[in-house]
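Here are my notes on the model, as numbered points. Please read them with the structure open.

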Amino acid sequence: MSGFHEVRFPTGIARGARGGPERLTQVVTLASGREVRNSRWAHSRRRYDAGFGIRTLDALAEVVAFFEERRGRLYGFRWRDRLDWKSCAPSATPAASDQQIGVGDGATRVFQLCKLYGSLHAPYVRRVTKPVAGTVLIAVDGVVKPQPAAVSCDHASGLITFAVGHAPASGSVVSAGFAFDVPVRFDADAIEVDLSAFEAGDIPRIPIVEIAD
């Protein structure tokens with residue numbers, strides 16, 4: 001991913017932010033009154049407002065410094081979404097069996113980390129491109145593979161690569177457990193703060209949007 005800094009937005013401030021996933025759905029009402037709905041995006045996109053996490057001038061100064069180093073919207077960065085940042089439930093510990101990321105064919109050695117949402121009507125598979133270093137576990141048919149001897153992870157892309165001679169056998173299930181960040185950028189080139197109002201409880205708006213790759 002070009003124009004990206006592998007650094008995480010201050011987690012203490014992100015913890016108080018607001019936001020979540022959004023989709024773009026086109027709804028057309030026909031003359032009969034019936035609706036036709038069409039999803040314009042194949043993948044959801046997350047938006048956040050970091051302003052809600054700022055409670056002190058020191059925290060505001062920290063965000064301004066982070067904003068300046070990113071040059072506003074120019075460079076992307078990592079964001080910890082406290083609602084959704086693991087391959088498992090937020091209260092659980094990631095395990096190598098959490099998410100199926102592929103099925104071996106005896107030759108393929110590269111797999112993409114992903115996370116499944118839902119299971120019955122229309123499950124959604126989300127690509128995970130920013131796993132957290134030191135948290136990724138990989139298993140083949142339930143057997144955890146040693147890293148980096150048998151498999152390795154590119155933490156900047158979420159690609160899992162098995163070493164030569166270790167490609168998963170045909171029909172074997174490749175699974176993974178991990179923590180991950182969301183690749184985002186600031187969605188404005190300016191931060192406007194009225195310091196007198198800030199002291200009185202006014203919250204600056206600091207929009208952040210997920211980078212679609």
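1. Cysteines. A disulfide is a pair of cysteine sulfur atoms within 2.5 Å. By that rule the structure holds 0 disulfides. The sulfur of Cys88 has its closest cysteine sulfur in Cys114, 15 Å away, which is too far for a bond. For Cys114 the closest cysteine sulfur belongs to Cys153, at 12 Å, again too far for a bond.

2. Basis of these notes. This is a predicted model, in which local features need pLDDT of at least 70 and side-chain atom pairs count only at pLDDT 80 or more, while totals for chains, interfaces and linings use all residues. Residues are numbered from 1 along each chain as its sequence is written, and side-chain values use heavy atoms, with hydrogens and water left out.

3. Burial of the cysteines. Buried means under 20% relative accessible area, exposed over 50%, and partly exposed in between (1.4 Å probe, protein chains only). Cys88 counts as buried because its relative accessibility is 17%. Cys114, at 11% relative accessibility, counts as buried too. Over the protein, buried residues make up 38% of the 213 residues.

4. Overall make-up. Helices (H or I, at least four residues) and strands (E, at least two) are DSSP runs, numbered from the N terminus. The protein has 3 helices and 17 strands. Its C-alpha trace spans about 65 × 55 × 35 Å along the principal axes. With contact meaning heavy atoms within 4.5 Å, 72% of the contacts between residues at least 6 apart in sequence join residues at least 24 apart.

5. Two strands pair if DSSP finds at least two bridges between them. An open sheet of 6 strands runs in the order E1-E6-E16-E17-E5-E2, with mixed pairing. Its edge strands are E1 (4–8) and E2 (18–22), each of which pairs on one side only. From one strand to the next the twist averages 30°; axes are lines fitted to C-alpha atoms, for helices over the stretch in contact, and angles run from 0 to 180 degrees between N-to-C directions. E1 and E6 run parallel and are joined by 2 bridges, and Arg8 stands opposite Arg78 in E6. Helix H2 packs on this sheet, where H2 touches E1, E6 and E16, and the direction of H2 makes about 160° with that of E1.

6. The three-stranded sheet. A further open sheet has 3 strands in the order E8-E14-E13, and the pairing is antiparallel. E8 (110–112) and E13 (151–154) are the edge strands, each pairing on one side only. The twist averages 25° from one strand to the next. E8 pairs with E14 (residues 159–162) over 3 bridges in the antiparallel sense; Val110 stands opposite Thr161 in E14.

7. Which residue in E10 is the bridge partner of Cys114? The partner is Arg127. Strands E9 (residues 114–117) and E10 (residues 124–127) pair in the antiparallel sense over 4 bridges. There are 6 residues between the strands, and Gly118 takes a positive phi near 85°.

8. Aromatic pairs. Rings of Phe, Tyr and Trp (its six-membered ring) pair if their centres lie within 6.5 Å; planes under 30 degrees apart count as stacked, over 60 as edge-to-face and the rest as tilted. The count comes to 12 aromatic pairs. Tyr48 and Trp79 are stacked, 4.9 Å centre to centre with 25° between the planes. This pair links distant parts of the chain, with Tyr48 in strand E5 (residues 45–49) and Trp79 in strand E6 (residues 76–79), 31 residues apart. Both Tyr48 and Trp79 are buried. The rings of Phe66 and Phe186 have centres 6.2 Å apart and planes at 70°, so they form an edge-to-face pair. Phe66 lies in helix H2 (residues 57–69) and Phe186 in strand E16 (residues 182–186), so the pair ties together parts 120 residues apart in sequence. Phe66 and Phe186 are both buried. One aromatic cluster is formed by Phe9, Tyr48, Phe66, Phe67, Phe77, Trp79 and Phe186.

9. Charges over rings. A charge sits over a ring if NZ of Lys or CZ of Arg is within 6 Å of the ring centre and within 35 degrees of the ring normal. Arg18 lies over the face of Phe52, 4.1 Å from the ring centre. The charged end of Lys130 sits over the ring of Phe4, at 4.0 Å from its centre.
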